[in-house]
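Shall we take a look?

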Amino acid sequence: MEIRIGKANDNDFVVDDSHVSRHHAILSKDREGQFYIEDTGSTNGTFVNEIQVVRKKISESDRIRLGDHYLLDLCEALKAENDYSIEFARLKQVYDKYIKEKIRIQSRNQFKTRILQSFPFALVGILGIVFGFLGKGSHSLFLISLGITICAPAIGIYLGARQAAKTPGKLQELANRFKIDYVCPKCGTFLGEIPWESLKNKKQCSACKAKWVNP
């Protein structure tokens, strides 16, 4: 892949800047997915992180300057070739974070629900022993013990049900954010819950044909 960059209209990526040459540089990508910027005899030079270069391997985090002022946006330049591989690569973190958070919500809710439902039954057993030991022959303590025995499990079941009811809302909120973030970087089509690695094997968007991975 090669993208010709410069001020002339016959370039793949046209730059409107008086300090950029007509045919200033070439942006290329090798088979390993590494990007390179190559100066093609420009008047004012090509710079990577403020160091003038003839040909240099670059990444998204590098500061690429053409001439005296123009800062090249790597992602924008790649769009000249319908290449959205950098933006697509970021979606891996989006998918991994979504799955991790979904599991955390479900596991945490399950743990809290079990605690809330189990603790009252344990409490009844403990108090039963205490009242049984202290309240021999006491009608009042017997009634208190009976009330706790009846009410505590019911309260536990109620609290557990309330905790369980929170999960769908939290999962829906998470899913809504995911639907906004996990989309094709070009056309914005939601990619579903398809694992990122599976989408990577497709190499491009079926809707807009944006390149996610270059051959």
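Let's begin with Ser85, which lies in helix α2, spanning residues 85-134. Keep in mind that this is a predicted model.

**Ser85 and its surroundings**
- With a relative accessibility of 11%, Ser85 counts as buried, because that value is under the 20% cut-off.
- Its side chain makes a polar contact with the side chain of Lys29, at 2.9 Å.
- Another polar contact of the Ser85 side chain, at 2.7 Å, goes to the side chain of Asp83.
- If you set aside neighbours within four places in sequence, Ser85 is in contact with Lys29, Phe35, Lys211, Trp212 and Asn214.

**The nonpolar cores**
- The largest nonpolar core has 20 residues, and the members that touch the most other members are Ile5, Leu27, Ile37, Ile58 and Leu72.
- At least two residues of this core come from each of β1 (2-6), β3 (25-29), β4 (35-39), β8 (64-66) and α1 (74-78).
- Helix α1 gives the largest share of the core, with four residues.
- There is also a second, separate core of 18 residues, and Phe88, Ile105, Phe178 and Leu199 are among them.

**A closer look at Ile5**
- You will find Ile5 in strand β1.
- Is Ile5 buried or exposed? It is buried, with a relative accessible area of 0%.
- Not counting residues up to four places away in sequence, Ile5 touches Asn11, Phe13, Val15, His23, His24, Ala25, Leu27, Ile37, Leu66 and Leu72.
- Ile5 and Asp39 are separated by 34 residues in sequence, while their C-alpha atoms are 9.5 Å apart in space.

**The open sheet**
- Four strands make up an open sheet in the order β6-β5-β8-β9, with antiparallel pairing.
- Strands β8 and β9 run antiparallel and are joined by three bridges.
- Leu66 stands opposite Tyr70 in β9, and Leu66 is also one of the residues that Ile5 touches.

**The cysteines**
- How many disulfides are there? The count comes to zero.
- For reference, a disulfide is a covalent bond between the sulfur atoms of two cysteines.
- The closest cysteine sulfur to that of Cys205 belongs to Cys208, at 3.7 Å, which is too far for a bond because the cut-off is 2.5 Å.
- Cys208 is in no disulfide either, and its nearest cysteine sulfur, that of Cys187, is 3.7 Å away.
- Cys205 is buried, with a relative accessible area of 2%.
- Cys208 also counts as buried, at 19% relative accessibility, because buried means under 20%.

Note on methods:
Residues numbered from 1 in each chain as written. Predicted model: local features only at pLDDT ≥ 70, side-chain atom pairs only at ≥ 80, totals over all residues. Heavy atoms only, no water. Core = buried A, V, L, I, M, F, W, Y, C linked by side-chain atoms within 4.5 Å. Buried < 20%, exposed > 50% of the residue type's maximum accessible area, 1.4 Å probe, protein only. Contact = heavy atoms within 4.5 Å. Pairing = 2+ DSSP bridges. Polar contact = N/O pair within 3.5 Å; in protein donor to acceptor, adjacent residues only side chain to side chain.
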